[in-house]
Amino acid sequence: MDKGAHFFKCDFQVHTPRDLNWSGSKPTSDEERAAYGESFIKACRENKLDAVAITDHHDFAFFRFIKEAAANEVDDVGNPIQSNQRIVVFPGLELSLSNPPCQALLILDANFPEDQFSRILNKLSINPNPDDQPSTAQTNNISSDVVKDLNDLHVKLDTIDILKGKYIILPHVSDGGHRTLLRSGFAEHYKKMPCVGTYLDGSIESLGTGNRNILSGQDRNYGNKAVAIFQTSDSRREDFSSLGDHTTWVKWANPTAEALRQACLASESRMSQAQPELPQIFITEIDVTNSKFMGSFSLELNQQYDALIGGRGTGKSTILEYLRWGLCDEFDASADPEDLEEIHRRRQNLINRTLVPFDGEVRITFLVNGSKHIVKRSSKSNIILLKIENGEFQQVSEDDIRQVLPIQAYSQKQLSGVGVKTNELKRFIQKPIETQLKNIRSQLHDCIQRIKSVYDKLIRKKEIQLEIEQYKLEILSLNTQIKSLKASLTGMSEEDQEIINKRQKYDQEEIIISNTNRELTVFEEKADELLDLLTRYPESLRSTDELENKELIDSIDSERLLKFEEISKAVEGLKSVFSEESLSDLNGHVKRWEEAKSKYEKVYEEAKEKSASNQQQLQEIRRVESRIAEINRVLGERNNQMKELGNPESLFKDERDKWMDLHTKKIKLLNEQAENFSELSNGLIRAEVTKNLDLKDFTDELTSVFAGTRISKDKINSIVEIIQDAENPLDTFLDIMDEFQAIAELTISENKEIELPETPNLTSCGLNENNLEKLASQMKPDTWIRLSTKQLEFNPEFKYCTGNAMGDEMPFSEASAGQQATALLTVLLSQPGAPLLIDQPEDDIDNRAIDDIIKSVWSSKRRRQLIFTSHNANLVVNGDAELVICCDYREASDQTRGTIKAQGSIDSKEVKDEITSVMEGGEKAFKLRKEKYGF
């Protein structure tokens, strides 16, 4: 575990069998008490307690047995519990005071020497029962002659040299009763007491509104003095039934009374009455095998706020860059290419200079929702390996790592440069909804492919319909010609003329038979497609042994397989329809017709030969009949094609509606996120999406379409502007696309005279009849479908809100760099999610906003891991960093090699000294903290 501060679930009022009101047996021998200690620690573990305070009335007798039990605890297989996972046991007393007449808890450092307990009892004139007695002495209030008030209690205890700074006093503050400080007439005691924390039996919810206001500093009669509150169980039962019923989560690096006091003074950051919200995606460790500047080092990181400090050039930024490089945060695809090149070049130079010559490898361990991942990246080969939980290391790509742990990171001064980069600002909107946007884009891609496919069918159907009209017109002409030709025949017997006239009937019958074969072939092919599909279905189900409803799922799968058996039999039955045996009757009828036609051909030729004078007319009749037969065959094919094409008009409309719905869904999602973005910025930024359609690609495509028409660029720009300026740009875009569609489809019939459609939007953009005619000759259906099926993106418009009484706004790019960075950092600190790495955020932000940023840091570290480098002591100290990593030169005279000099929370004297000596405003920051919180 890292050396920083962590939350511990605490019950700070726990009694032992020595308590006069104990419910249960009262062990007296050391063996019996040791056994009780073991059962107590076991109960703590079962109730998921991390720490307890043993607070009998004026008595320390049982503490050592419980302390020893915690130190000797073993797991289920008999292995000793690691020291950092043991139950923390604080020694303490429940004091009964005469002035003010109330109770208070005295809690000592967890490692306070037990041989000094007697000095405390003596100082307070407490005469306990001998340790071998089953119960404590009858509790008598500590005389006001001994302790005048709560201030005097602290003065008295401070006279014990070893005790000073190693205890905390928590007065009792329950609603009502003779033991609470919150009683009528006690306001002066409350205002003057030096206590920063209090306790109550039970839950804070039991407090009335008035007492809550007092404790939260909202009652001026009580000095507007806010104090922290510890919920306790007041446990005193042998069955431990109430142990841990009411607890408080407290944060510390080391279990000391001073840590508890500091937690009280920064309770927003260090205390929680419910299980605290903590980041679920966080880096736990970075290991570097070898490097030029820092050698080999390993660094464990805190789940919440890590601050890397040190003099300039001591390695703090290097560690941050190693983290970014190891997690493949190489670049942001949306960044400005010039900036990207510089940022990327600096990091790559660092890797080439400090890792590559030493074959250095960066190893990073991180947790994602409790699942352990390890990344190893070689500087020499650049091979990246990933291990998930107990699996094997496998080679992966940079994108794979970015997908698994997509950190957000900013180099020095990078954050203040974001404000003028539209793409980077867009990322603030899009990043939290990246998965949803990716899904919409995927659906749009599929939708566009379907639109194109359906539109091809729609155009083909329109072309076929035009062909059918042309063929019908030709048949009408040909039938008239046949009628005239037949009327001109002379000298033929009625019998021969009848034979000649049957020719057209046989042609029609042949078309019928041909259509029959074609229709059956269509369905035989579909049956073959189904048979081929059945070779890939059904998919076999993987083992269901680990499923919750195994039997039910197995039953569902059995029914699924039965259905596929039925489908297979049905398809095989369909396929059997086309077997030679099944088609024997049909084929027999066709054969007999072919025989009848063959006989007819003989008599037809004989009839033609008899009429020598009509040969020319007969040949022309045959030519026309053949043409009619040919057209009828084509018409049959076209009609079948029309059937297969189905209803593309309806399908096209449906798909266009889906295209519209998906874009509307995208706008709604982006607008919701834009509103959320504004809220996350505390109203400093306002973003508008709906009216900010990104038409760059569309404009380029449109310009390409208009090329060669000599239509002016101004008119193209007018089309783009009318879309952008519309109340609903997406609707106007579709209206203009409909007008372009009508123009593009004029070319389907090139022989017909063009009749220009109504185009109110294009006309309003200045396109005259001549322009539209030129456009009609240039724009084809395939051009139009390419133009109209672009995936549309949006460029949100960002405004900086000044916050003045007039509610003024300005373009975000016109706000100062400090204003921009402060607003964006506020957003970043308000967002949950992946770790946030920033190199010296104070270089970007407005110093006047530092207090607001610090409050944002407090709330942010509950939802995402923060890893900052900083020279600003205020950001580290009052930001309440859980882990401070102090970097320094290995040797003061040699500034070419760095090292990690110290680690810990700001409670640590070593860390405190480092902050004071090396950070800008270090001493001032601690003074400010003392003024604010009493540190």
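The model is predicted: local features need pLDDT of at least 70, side-chain atom pairs count only at pLDDT 80 or more, and totals for chains, interfaces and linings use all residues. Residues are numbered from 1 along each chain as its sequence is written, and side-chain values use heavy atoms, with hydrogens and water left out. The structure holds 29 aromatic pairs and 62 salt bridges.

**Aromatic pairs**

- Rings of Phe, Tyr and Trp (its six-membered ring) pair if their centres lie within 6.5 Å; planes under 30 degrees apart count as stacked, over 60 as edge-to-face and the rest as tilted.
- The structure holds 29 such pairs. F40 and F240 form an edge-to-face one, at 5.9 Å centre to centre and 65° between the planes.
- This pair links distant parts of the chain, 200 residues apart. F40 is in helix 1 (residues 30-46), and F240 is in the loop between strand 7 (228-232) and strand 8 (248-252).
- Helices (H or I, at least four residues) and strands (E, at least two) are DSSP runs, numbered from the N terminus.
- Both F40 and F240 are buried. Buried means under 20% relative accessible area, exposed over 50%, and partly exposed in between (1.4 Å probe, protein chains only).
- F112 and F117 form a stacked pair, 6.2 Å centre to centre with 5° between the planes.
- F112 counts as buried at 3% relative accessibility, and F117 is buried at 7%.
- Ring pairs also link W22, Y36, F40, F62, F65 and F240 into a cluster.

**Salt bridges**

- A salt bridge is a side-chain nitrogen of Lys or Arg within 4 Å of a carboxyl oxygen of Asp or Glu.
- D507 and R503 meet in a salt bridge of 3.6 Å, N to O. They are separated by about one helical turn because they are four residues apart in helix 14.
- K550 forms a salt bridge with D554, with the closest N and O atoms 2.9 Å apart. These two are also four residues apart, in helix 15 (residues 550-576), so about one helical turn separates them.
- K550 is partly exposed at 29% relative accessible area, and D554 is partly exposed at 26%.
- R786 and E701 meet in a salt bridge of 2.9 Å, N to O. The pair links distant parts of the chain, 85 residues apart: R786 is in helix 24 (residues 781-788) and E701 in helix 19.
- R786 is partly exposed at 39% relative accessible area, whereas E701 counts as buried at 14%.
- Salt bridges link R460, E463, E467, R518, E637 and R638 in a network.

**Helix 4**

- The buried residues of helix 4 (residues 150-158) are L150, D152, L153, H154 and L157.
- Their cover includes strand 3 (88-96), strand 4 (103-108), helix 3 (117-123) and strand 5 (167-171).
- At the start of helix 4, a side-chain oxygen of D149 reaches to within 3.1 Å of the backbone nitrogen of N151.

**Surface patch**

- L530, L533, Y537, L574 and V577 form a nonpolar patch on the surface, with about 390 Å² of accessible area together.
- Patches are made of residues with over 30% relative accessible area and no salt bridge; like charges are joined within 9 Å, nonpolar side chains (Val, Leu, Ile, Met, Phe, Trp, Tyr) within 5 Å.
- L533 lies in helix 14 (residues 494-534). L533 is partly exposed, at 38% relative accessible area.

Definitions and conventions
Areas by Shrake-Rupley, 256 points an atom, 1.4 Å probe, with all protein chains shown as cover. Contact = heavy atoms within 4.5 Å. Polar contact = N/O pair within 3.5 Å; in protein donor to acceptor, adjacent residues only side chain to side chain.
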